[in-house]
Amino acid sequence: MGLFFSLLSACLSSSKDLVSKRLSFRLDGTTSTFASFGYALPYYVLLLSVLWLCGIETFVWSIPFLVLVLLRSVTDTLAEWMKMHAFTHGDISIVASFFAISPLFLLIT
């Protein structure tokens with residue numbers, strides 16, 4: 001079952017990169033990056049609110065946690081922005097293919 005999900009993840013990741021490449025001709029990389037993260041944000045807030053109302057999730061925030069969330073957000077945004085910038089100025093490279101099959105490598109290791 002894990003092999004099936006890792007292969008499915010690789011296929012979906014590759015298709016996401018192909019769609020991103022197609023969008024890079026019509027949109028600026030910065031717009032696409034912030035739109036992809038901004039689009040998911042309301043769903044995260046909704047899910048966390050439902051989990052909190054059901055008593056499954058509690059909110060205990062500390063300064064180290066918020067710093068780690070900020071650092072993760074910044075690095076993810078910069079990585080996605082650089083990838084979209086690369087898609088605009090070049091072909092889909094071997095690196096994108098390698099990242100697409102990384103779940104399979106994780107499963108093997």
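Angles under 35 degrees count as roughly parallel, over 145 as roughly antiparallel, 65 to 115 as roughly perpendicular and the rest as oblique. Helix 2 and helix 3 are therefore oblique to each other. The model is predicted: local features need pLDDT of at least 70, side-chain atom pairs count only at pLDDT 80 or more, and totals for chains, interfaces and linings use all residues. Numbering starts from 1 along each chain as its sequence is written, and side-chain values use heavy atoms, without hydrogens and water.

**Helix packing**

- The axes of helix 2 (residues 29-53) and helix 3 (residues 63-89) come within 8 Å and cross at roughly 135 degrees.
- Helices are DSSP runs (H or I, at least four residues), numbered from the N terminus.
- Axes are lines fitted to C-alpha atoms over the stretch in contact, and angles run from 0 to 180 degrees between N-to-C directions.
- In contact (heavy atoms within 4.5 Å), residues of helix 2 including Phe34 and Phe37 meet Asp76, Thr77, Glu80, Trp81 and Met84 in helix 3.
- By class, this contact of helix 2 with helix 3 has 4 nonpolar, 6 polar and 2 charged residues.
- Ala, Val, Leu, Ile, Met, Phe, Trp, Tyr, Cys and Pro count as nonpolar, Asp, Glu, Lys and Arg as charged, and the others, Gly among them, as polar.

Definitions and conventions:
Helices (H or I, at least four residues) and strands (E, at least two) are DSSP runs, numbered from the N terminus.
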